[in-house]
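Have the viewer open while you read.

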Amino acid sequence: MSSHLPAPSQILTPLPALTDNYFWVLQNGNQALVVDPGAAEPVLDFLAQHPALRLSAVLVTHHHADHVGGVAELVARTGAQVYGPALEKMPVPCVALRGDQSIDVLGLDFKVIDVPGHTAGHIAYFCDQTQFNGASSPLLFCGDTLFSAGCGRLFEGTPAQMRASLDRLASLPLNTRVCPAHEYTLSNLRFALAVEPDNAALQRYTQVCEGLRQQSLPTLPSHLAQELAVNPFLRSRENSVIQAVQQHYPGVTLTDWNETNVFAYLRQWKNDFK
Ligand code: ZN
Ligand code: FE
């Protein structure tokens with residue numbers, strides 16, 4: 001008899017749903033959580049295919065309908081505990097979370113990070129206790145704040161807030177698995193290449209992602225080191241990005257292209273990008 005049991009691995013699954021959302025399911029043993037279920041049916045289908053699995057928790061990053069639309073039905077059907085941002089209105093009673101709180105879900109410790117910008121109360125969830133296929137790898141559920149090669153639109157926050165939120169996420173471990181809520185990667189990459197056409201890592205990553213999408217496979221999760229190499233919104237202090245933004249807005253006569261202005265115009269360029 002061996003007393004040396006391997007540490008249990010978790011299983012991470014993106015459920016494609018709605019137009020281009022992913023509802024992330026994390027399994028630990030016979031318990032699961034789902035992040036931002038904008039509809040109940042894909043989650044209920046997944047649970048039906050895994051009859052031993054119990055949905056213990058629903059984690060919500062922000063109040064938009066494509067992230068909370070399925071929460072009430074999932075709670076009614078499964079009794080799952082809901083966690084959500086304290087500063088936003090949730091469809092059902094939930095554990096109201098603020099930055100720097102920690103929660104124990106599925107026996108794992110998740111740290112809450114305030115990431116205002118897309119919405120005013122947006123939070124992200126970070127866990128550094130997860131293992132996949134026996135290898136330790138931290139996990140980030142970042143909703144509509146950080147996308148692969150992009151970031152969320154600024155509906156309720158300022159460029160300075162979003163930049164600070166992205167800085168917070170960028171300081172996590174480089175091997176963190178990054179789990180955004182949307183498959184926006186290819187369109188984000190088209191913009192990223194317009195900003196940094198000579199970025200070799202970006203060119204390689206684009207080829208990989210195009211291949212995945214041709215097979216209808218998710219480009220996600222990404223990981224943080226990859227995003228630092230390709231994501232213009234994490235690279236707004238790089239000379240290549242600063243120069244591209246300044247060249248795109250030649251009429252801007254701000255004497256001081258400070259970090260916030262560069263980020264703000266980069267986001268504006270992406271909003272207008274066709
Ligand atoms: Zn959203
Ligand atoms: Fe969304």
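Predicted model: local features only at pLDDT ≥ 70, side-chain atom pairs only at ≥ 80, totals over all residues.

1. Start with the zinc ion (ligand 1). Which residues hold it? The donors are His-62 through NE2, His-64 through ND1, His-118 through NE2 and Asp-144 through OD, at 2.2 to 2.3 Å. Along the chain these donors of the zinc ion (ligand 1) follow the spacing H-x1-H-x53-H-x25-D.

2. What about the geometry of the zinc ion (ligand 1)? Its 4 donor atoms give angles of 86 to 170°, and the site is irregular. A tetrahedral label would need all angles between 85 and 135 degrees, so the 170° end of the range rules that label out. For reference, ideal angles for four tetrahedral donors are 109.5 degrees. Keep in mind that water is not among the atoms, so sites may look incomplete.

3. His-62 counts as buried because its relative accessibility is 0%. His-64 comes out at 16% relative accessibility, so His-64 is buried as well; the cut-off for buried is under 20%.

4. Now the iron ion (ligand 2). Asp-66 (OD), His-67 (NE2), Asp-144 (OD) and His-182 (NE2) coordinate this iron ion, at 2.1 to 2.3 Å. In sequence the donors of the iron ion (ligand 2) are spaced D-H-x76-D-x37-H. Their 4 donor atoms subtend angles of 84 to 168°, which makes the arrangement around the iron ion irregular.

5. Still on the iron ion (ligand 2): as noted, its donors are spaced D-H-x76-D-x37-H. His-67 belongs to helix α2 (residues 65–68), while His-182 is in the loop between β15 (177–180) and α5 (185–195), so the pair ties together parts that are 115 residues apart in sequence. Are these two histidines buried or exposed? His-67 is buried because its relative accessibility is 0%, and His-182 is buried because its value is 4%.

6. On to the backbone. Most residues other than glycine have a negative phi, and most peptide bonds are trans. Leu-220 and Pro-221 are joined by a cis peptide bond, with omega about 5°; Pro-221 is in the loop between α6 (200–214) and β16 (222–223).

7. The other two spots concern phi. Asp-100 is not a glycine, yet its phi is positive at about 75°. Asp-100 lies in the loop between β6 (95–97) and β7 (102–105) and counts as exposed because its relative accessibility is 63%. Asn-133, also not a glycine, has a positive phi of about 50°. The loop between β10 (131–132) and β11 (135–136) holds Asn-133, which is exposed, with a relative accessible area of 77%.

8. Next, a buried pair. Gly-150 is part of strand β14 (residues 150–151) and is buried, with a relative accessible area of 0%. Leaving out residues up to four places away in sequence, Gly-150 touches Asn-188, Asn-231 and Phe-233. Asn-188 sits in helix α5 and is buried at 3% relative accessible area. With that sequence limit, the contacts of Asn-188 are Phe-147, Ser-148, Ala-149, Gly-150 and Lys-270.

9. Finally, how do α4 and α9 pack? Helix α4 (residues 159–170) and helix α9 (residues 259–272) meet at an angle of about 100°, with axes 9 Å apart, which makes α4 roughly perpendicular to α9. Pro-159, Ala-160, Met-162, Arg-163 and Leu-166 from α4 meet Glu-259, Thr-260, Phe-263 and Ala-264 from α9. By class, that contact has 6 nonpolar, 1 polar and 2 charged residues.

Definitions and conventions:
Residues numbered from 1 in each chain as written. Chains lettered and ligands numbered in written order. Heavy atoms only, no water. Axes fitted to C-alpha atoms, helices over the stretch in contact; angles between N-to-C directions. Helix = DSSP H or I, 4+ residues; strand = E, 2+ residues; numbered from the N terminus. Parallel < 35°, antiparallel > 145°, perpendicular 65-115°, else oblique. Contact = heavy atoms within 4.5 Å. Nonpolar A, V, L, I, M, F, W, Y, C, P; charged D, E, K, R; others polar. Donors = N, O, S within 2.8 Å, 3.2 Å for Na, K, Ca; no water. Tetrahedral: all angles 85-135°; square planar, octahedral: opposite > 155°, others 65-115°. Buried < 20%, exposed > 50% of the residue type's maximum accessible area, 1.4 Å probe, protein only.
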